[in-house]
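Open the model in your viewer and keep the selection tool ready. This tour goes stop by stop.

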Amino acid sequence: MTTCTPPSRFSSSPYIPPDRIFELTAQYLDDPSPQKVNLGQGTYRDSHGQPWVLPAVTAARVRLTATGLNHEYLPILGHPVFRTLAPQLALGPALHASLASQIAVCQSLSGTGALHLAGLLLRHLHDIQPRQGLAIPALPKVYIPSPTWSNHHQIFTSLGFEVVSLPYYAATTRSLALEPYLAALAAAERNSVVILHACAHNPSGCDPTPAEWRQVAQIAKERSLFPLFDAAYLGFNSGNLDEDAAAIRLFAGEEFGLEVGVCMSFAKNMGLYGERTGCFFLTAHTKTAARNTESVLEVLQRREVSNPPAYGAKIAAMILGDEELGEMWKEDLQTMSGRIREMRGQLVEGLVKYGAPGDWAHLVRQTGMFGFLGLEEGVVKELREEDHIYMADNSRVSIAGLNPGNVEYVARAIAERLRKRNA
């Protein structure tokens, strides 16, 4: 007797290729070569190429355990102390104090969750307007720099927004394409949303100067744009929290007085990658608007995840709220940012030493974890297949994957590949 297998209700599921960066890491892990280098995935590694638990985080964990760590639910909006201290970190104590009653904040599943919450909120506020007797406008467009972190497009398109790319990076000069970027912003549809990398632009490593940020803020004010900051690298970029948060404070401060949204992550700057610790907050013009918006965020959070994870938020709150741990954390930020800057310099020195054709100064002008080498895809493929050096096809690299034990090998391999092509 034969048994017929019924058709699957999931037979219409298409096959979607895996995320390219995570696939690269899987290929790297499967590579048996004793000399291999992963410059793909954006996680900090120490000078020996190993994951690093920040000393401030280790100390906070010890204290949490000593106080009798439990596993009770957090409130829907998240850990109360964390929800106060995270926005204060981004805005600075003075600006936070002046805007305290006008801030709506919700803990999130790291930066991705914060961006998703922001999108849910914007869509919800659009969808309820007909029920309030208002005309139905189109969903606001979302303007996103090109290139950018891939999740920006995926999050907002999945929520039904029309996404528009803004020219941001000039491959020919390997720098910020300022004039095309400002011109595209100035032509943006009024009342739209613009995604801004607060610092350490991913993947280019190119950030506006303070004067250039002021130009961006002026256009945002003139066009009534809603600035939505992706703030994944505060303190991790320069080692200085105030410097890395300067753009957020400029837009929200007295000079421009804009309503802003901020999507924060503590994955990079506290090394809490797997704890998914983040928050979304916004500044509103009125206390009532902030209170009401926070109530909407609470409903949206309840629908999505019920309430957020506790452990990472408790660690972050303890570090942010304790003077001793806070100072220890600032030293950790200096350690991480300083090591990345050192690796940038050593990579350039190695490329010059081994005769790599071209000018590599852009690598030390760029900041943060990521940058573009400016290599053709064919060279990237050769490096991966012949030299066991893994990076994105567009030659975007995580500088944190370099260390004193592999940076010369990487520089020599790149130089040799380029010299052969130019021979």
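Which residues form one aromatic cluster? Select Y44, W52, Y233, F236 and F370; together they make up that cluster. Bear in mind that this is a predicted model.

**Aromatic pairs**

A search of the whole structure finds 12 aromatic pairs. Begin with Y168 and Y181. Y168 sits in the loop between β4 (163-167) and β5 (169-170), and Y181 in helix α7 (residues 178-186), so the pair ties together parts that are 13 residues apart in sequence. Buried or exposed? Both Y168 and Y181 are buried.

Y233 belongs to the loop between β8 (226-231) and α9 (241-244), while F370 is in strand β11 (residues 370-372). The pair links distant parts of the chain, 137 residues apart. Y233 and F370 are both buried.

**Charges over rings**

Now show K36 with Y28. K36 lies over the face of Y28, 4.7 Å from the ring centre. Then move to R174 and W360. Here the charged end of R174 sits over the ring of W360, at 5.6 Å from its centre.

**The sheet**

Switch to cartoon view. In what order do the strands of the open sheet of 7 strands run? The order is β2-β10-β9-β8-β7-β3-β4, and the pairing is mixed. β2 (103-109) and β4 stand at the edges with a single partner strand each, so one side of each has no neighbour in the sheet. From one strand to the next, the twist averages 25°.

Zoom in on β3 (residues 142-146) and β7 (residues 193-197). These strands run parallel and are joined by 2 bridges.

**The cores**

Nonpolar side chains tend to be buried together in soluble globular proteins. Which residues have the most contacts inside the largest nonpolar core? Select F229, F251, M264 and L375; the core has 102 residues. Helix α13 (residues 323-353) gives the most to this core, with 9 residues. Colour by domain next. Domain 1 (20-53 + 336-422) and domain 2 (73-321) each supply at least three residues to this core.

Last stop: another core, of 28 residues, lies apart from the largest one. Among its members are A104, L117, I195 and F226.

Notes: Residues numbered from 1 in each chain as written. Predicted model: local features only at pLDDT ≥ 70, side-chain atom pairs only at ≥ 80, totals over all residues. Heavy atoms only, no water. Phe/Tyr/Trp six-rings, centres within 6.5 Å; stacked < 30°, edge-to-face > 60°. Helix = DSSP H or I, 4+ residues; strand = E, 2+ residues; numbered from the N terminus. Buried < 20%, exposed > 50% of the residue type's maximum accessible area, 1.4 Å probe, protein only. Lys NZ or Arg CZ within 6 Å of the ring centre and 35° of its normal. Core = buried A, V, L, I, M, F, W, Y, C linked by side-chain atoms within 4.5 Å. Domains from an automatic or database assignment. Pairing = 2+ DSSP bridges. Axes fitted to C-alpha atoms, helices over the stretch in contact; angles between N-to-C directions.
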